[in-house]
Amino acid sequence: MSMPDATDAALSASTEVGGGAATSAATAVLVPAGNAALGGRTRSELGAAPPFSVGSQGVLFGRKPHGHAPHVFALSHPQASGQHAWIRSVEGFWLADNNSTNGTFLNGRRLSAPAPLRDGDWIYAGGEAFVFRWANPQELEAIDGELLQPFGPVPTRQPRFARLLRRLRFLAETTSELLLVGETGVGKEVYARAVHEYSQRKGAFVAINCAAIPAELVESELFGFMRGAHSQAKEGKAGVIAEAHGGTLLLDEIGDMPATAQAKLLRFVQTKEVWPLGATSARKVDVRIIGATSHLLAQTGAPGVREELMARLGANPPVLPPLCDRREDIGELIAHFMGKAVKPIDAAAFLALMTYPWPRNVRELEAVIKEALVFSKGEATVTREHLPPFVTQATPPTAPQTVAPPPQMRPVAPTEEVRRVPRAMPSREELEALLEQYRGNVNHVARKLEREWKVVKRAVDRYGIDLTRFRT
C-alpha cells in the first residue's frame, strides 16, 4: 500500500514502542543512522544529526549533488558517487539507485530496480546508513529533546522510542513504582538507572537479578534477617531493600521471584515497611521499586508475576524495543562502545553490522564491537575480518521488492541537469512568524520549509534574529 504525499499525509502513529492508540499527522523523514568513515557516528556540528524531511519533491543524495535538485543531502563517504541515489514522491515514496559505482541497498539488499519505501526501511548508500520513517510532530519534538539531552548513553532517533523515553522522564520525577518490559539485552537496567538519576533521589541505585538467586534465599536477600533467624544466621544482615534506602531498587526478571516473596514485596510496596526474617518489629524504608521482565503477555501480564503486584508496578508498563526495531541508533551505539578508541569501519563491515538482526540486542552489539576492537588493535580500520562470521554471513530477512515502479521512476543520469529555479527564503517577518509557531526550533522550521537546517540557520543569522526570544 502506498503512502500519501508527505505534505498532506495523515498516519496513525503509536505514542509507545510496542503499543498505544494516539494518532497524529505524520511526515516522511530520513533519519541518519551512521557513517562508516566516522566509526558509526553521524555528521553534525551539534552532535548526532537530526532527521530531515523528505518533502513532497523527494531527495537526491551523493557526494556532489547538483545545486538545482529539489532537495539534496550531501554524502561524505569516499565510496559514495557524486549523485548516488534518489527518493521520489510518486504514488508514495520510492528509492532508486542513480547508476552509482558501489550500489544502493534497501534493508541490506542491493537495489536492481526502484522500490517503494515503508516505515522502518533502512537505506545504505556509499558507506552511510539512513532509516525511512513516518513521524508525527510529537515524535519529532521528542527526538529533538533526546539530541539536546539524551535519557540513555546515546540519544535515540527512533520516533516512537524517543516519545516513550520522554514519558519515562516524566515518570522519573514521581515516586511511583515502575515495571519495564523488554527482551533480554535491550537495556532495561540502563534505563532503570536513568530513571533513578533523573529522579534525583539521594540514595543508591541497587540492582539484583531475581533469576540468579536460589528460591529459598530470595526473601532473606530482599528483606534481610536477624541473628539466629536460621541455622546459618550467626550475624544479622540487612536486605537489598534496606541497602537502597533513599534510592532505587531494580528487581530484574521479577517474574522469577517465588510467589511468597512477591506477596511480601507487595506488602512492602503498600506500607514501605520491611520485616527482616526473625524480626519482631518493622522498619520504615524509603525506596523506589522498579521491576523488569523480558516477558509480558497481552492479557495476563508477566508470567509468574502476581496480579496485585502487577497493578502496583503500573498498569501500562513501558516496553523497550529490540535493537532490530531501532536501527537508526546502531551507528551511535557502535561509536559509544568504541569509546576513545573509535576508528573508521570498512564500508562492507558497516553494512554487515546494519544487516545483522541482533537477536540478543544491544548487549550482543557491545560484545561484538569490543571484540572487533581487540582484533583490529594496531590497525586503522575495522574490517569484516574483525567481525564474527555469524555477523558477516547474515542475510537480510526480507525478500527483494517485486512491486512494479510507476513509469516516472526512471534513473537520473549523472550528467542530467534538473532545471529548477531556487526557492526564495521567506522574508524576515515570515521567518519570525514560523519561529514563533515552532518556539524557536530551527529543525521544525526547516522541515516546514523543506529546506536543510543549515540553510535556514544561515537566514536566521543573516537577518540577525535572536532565537532565545522565541524559546521562552
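In this briefing, two residues are in contact when heavy atoms of theirs lie within 4.5 Å of each other. The model described here is a predicted one, and the protein in it has 472 residues, of which 54% count as buried. Its secondary structure comprises 14 helices and 19 strands.

**The loop residue H84**

- H84 belongs to the loop that runs between strand β4 (72-74) and strand β5 (85-89).
- Because its relative accessibility is 0%, and buried means under 20%, H84 counts as buried.
- When residues up to four places away in sequence are set aside, H84 touches F61, G62, L75, Q79, D97, N98, S100, G103, T104, A125 and G126.
- With one residue from that list, S100, there is also a polar contact, in which the side chain of H84 and the side chain of S100 are 3.3 Å apart.

**The loop residue N136**

- N136 is placed in the loop between strand β11 (128-135) and helix α1 (137-148).
- The relative accessibility of N136 is 1%, and therefore this residue counts as buried.

- Helix α9, which covers residues 347-355, is mostly covered, since eight of its nine residues are buried.
- The buried residues of α9 are A347, A349, F350, L351, A352, L353, M354 and T355.
- At the start of α9, a side-chain oxygen of D346 comes to within 3.0 Å of the backbone nitrogen of A348.

**The packing of α13 against α14**

- Two packed helices are described by the angle between their axes together with the distance between those axes.
- Helix α13 (residues 442-449) packs with helix α14 (residues 453-463) at an angle of about 110°, and the two axes are 9 Å apart.
- That angle makes α13 roughly perpendicular to α14, because angles of 65 to 115 degrees are counted in this way.
- The crossing that α13 and α14 form is right-handed.
- On the side of α13 the residues that take part are V442, N443, V445, A446 and L449, and they meet W453, V456 and K457 of α14.
- Sorted by class, the contact of α13 with α14 is made up of six nonpolar residues, one polar residue and one charged residue.

**Two loop residues with positive phi**

- E91, a residue other than glycine, has a positive phi value, which is near 55°.
- The loop that holds E91 lies between strand β5 and strand β6 (93-97).
- E91 counts as exposed, because its relative accessibility is 57% and exposed means over 50%.
- K272 is likewise a residue other than glycine with a positive phi, here near 60°.
- The place of K272 is the loop between helix α6 (259-271) and strand β17 (273-274).
- With a relative accessible area of 22%, K272 is partly exposed, because this value falls between the limits for buried (under 20%) and exposed (over 50%).

Terms used: Residues numbered from 1 in each chain as written. Predicted model: local features only at pLDDT ≥ 70, side-chain atom pairs only at ≥ 80, totals over all residues. Heavy atoms only, no water. Helix = DSSP H or I, 4+ residues; strand = E, 2+ residues; numbered from the N terminus. Buried < 20%, exposed > 50% of the residue type's maximum accessible area, 1.4 Å probe, protein only. Polar contact = N/O pair within 3.5 Å; in protein donor to acceptor, adjacent residues only side chain to side chain. Axes fitted to C-alpha atoms, helices over the stretch in contact; angles between N-to-C directions. Parallel < 35°, antiparallel > 145°, perpendicular 65-115°, else oblique. Left-handed = near helix turned anticlockwise from the far one by under 90°. Nonpolar A, V, L, I, M, F, W, Y, C, P; charged D, E, K, R; others polar.
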